[in-house]
Amino acid sequence: MLNYIWFGMMAIAVAAGIYNGKIDAVTEAAIDMAKISVEIAIGLIGIMALWLGIMKIAEKSGLIRIIAKLLRPITIRLFPDVPEDHPAIGSIVLNMSANILGLGNAATPLGLKAMEELQELNERKDTATNSMVMFLAINTSSVQLILPATVVALMGATASEIFITTILATSCSTIAAIAAVKFLERRKRFAMETEGDSND
Amino acid sequence: MIEVVVGGLSEVAKYIIPTLLVGIPFYALAFHKVPVYEVFVEGAKDGFTIAVRIIPYLVAILVAVGMFRASGALDLLLGALAPVLDFVGFPPENLPLALMRPLSGSGSLGLLTDLVNEHGADSLTAKIGATMYGSSETTFYVLAVYFGSVGVVRSRHAVPAGLFADAVGAIAAVFFCKLLIG
């Protein structure tokens with residue numbers, strides 16, 4: 001899937017760039033974004049280190065296990081492949097809490113920690129497991145209780161008007177994400193086992 | 001009423017991070033005698049490795065998205081989609097943002113800023129836009145970072161599921177704004 005989307009995006013970009021007379025801009029964007037990607041990654045190092053350090057303390061003190069146990073009734077439905085008491089559940093819960101509270105800076109390191117722990121349970125390291133896809137889909141659909149600071153700054157006084165619409169819309173998209181993952185993970189097209197399936 | 005809730009939430013949010021930064025080491029030190037400094041440093045070491053590991057995935061995704069944005073392909077897509085969406089009642093002014101949201105965070109923030117400047121923060125168009133922006137994440141960026149950090153290249157159903165959720169979110173944003181505000 002990603003193979004086609006990735007190539008498709010670039011191929012369409014070049015074709016549309018020629019058609020629109022923007023081929024120079026396309027070239028420039030490619031070079032610029034390559035540079036920006038590295039800047040983004042490097043910029044993450046400090047925040048990552050901070051939260052991973054704090055997480056390690058939380059883990060060693062048993063805090064993560066307590067949180068994981070408390071929310072197990074919910075998480076078992078979303079992530080049935082993850083064994084009870086596995087640290088991944090604790091990290092997933094913390095990542096989601098950070099997302100709900102709008103703590104974007106903390107959410108990414110916690111999410112990556114969760115991915116690392118889910119990867120331990122993965123038998124095919126290059127392929128996403130059902131739990132990984134579920135976790136990603138919930139993250140991209142963004143469950144948020146607090147409006148992003150950028151939106152508040154832009155909208156000013158009217159920001160409070162979109163508070164409820166945002167929560168309703170994001171709830172719909174999260175439910176849609178969970179339903180889509182559960183539905184698609186059983187399709188043959190997206191099956192885990194198929195060896196040498198170039199479709200993905 | 002809503003103002004109070006929103007204000008209260010952002011007031012509480014200010015204290016969450018400092019509370020975590022102090023509360024977690026306090027719990028570990030006071031109740032479990034964890035050597036917090038040593039353990040912190042041990043955990044923090046992974047920050048560098050993970051950040052560096054995601055570079056190739058980020059380059060791949062962001063370059064493709066950047067080229068796509070720069071080419072004006074979105075405008076062509078818009079032209080093709082506009083009549084269909086107009087027919088079902090999806091406001092055409094909000095379509096660029098809906099299409100941009102899964103691709104680029106800065107790009108969609110730019111489009112939202114344009115909507116606010118052009119129509120005013122009080123307009124339904126801007127409110128729908130802000131709802132769309134706030135209710136979704138940059139799907140392709142999150143995919144590159146999360147899967148990239150563990151070296152997963154076969155994403156299986158992640159992209160279709162993510163894009164489906166984005167579409168539902170955009171439609172829900174229009175629906176609820178028209179219902180509750182407009």
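Reader: Which pattern does chain A follow when read along the sequence?

Author: In this predicted model, chain A holds nine helices and zero strands. The pattern is α-α-α-α-α-α-α-α-α.

Reader: How far apart are the centres of domain 1 and domain 2 of chain A?

Author: Chain A is divided into domain 1, covering residues 1–44, and domain 2, covering residues 62–190. The C-alpha trace of the chain spans about 60 × 55 × 35 Å along its principal axes. Taken over C-alpha atoms, the centres of domain 1 and domain 2 of chain A are separated by 28 Å.

Reader: Why does the distance between the end C-alpha atoms of helix α7 of chain A agree with its number of residues?

Author: Helix α7 of chain A runs over residues 130–141 and has 12 residues. The expected span is 1.5 Å times one less than the number of residues, so these 12 residues should span 16 Å. This agrees with the distance between the end C-alpha atoms, which is 17 Å.

Reader: Which elements of chain B do the buried residues of α7(A) pack against?

Author: In α7(A), 12 of its 12 residues are buried, among them A:M132, A:F135 and A:I138. Within chain A, the buried residues of this helix pack against α4 (72–78), α5 (87–100), α6 (104–120) and α9 (161–184). From chain B, the elements they pack against are α9 (139–149) and α10 (158–180).

Methods: Residues are numbered from 1 along each chain as its sequence is written. Chains are lettered from A and ligands numbered from 1 in the order in which they are written. This is a predicted model: local features need pLDDT of at least 70, side-chain atom pairs count only at pLDDT 80 or more; totals for chains, interfaces and linings use all residues. Domain bounds come from an automatic or database domain assignment. Helices (H or I, at least four residues) and strands (E, at least two) are DSSP runs, numbered from the N terminus. A residue is buried if 20 or more other C-beta atoms lie within 10 Å of its own, exposed if 12 or fewer, and partly exposed in between; C-beta atoms are placed from the backbone. Two residues are in contact if their C-beta atoms, placed from the backbone, lie within 7 Å.
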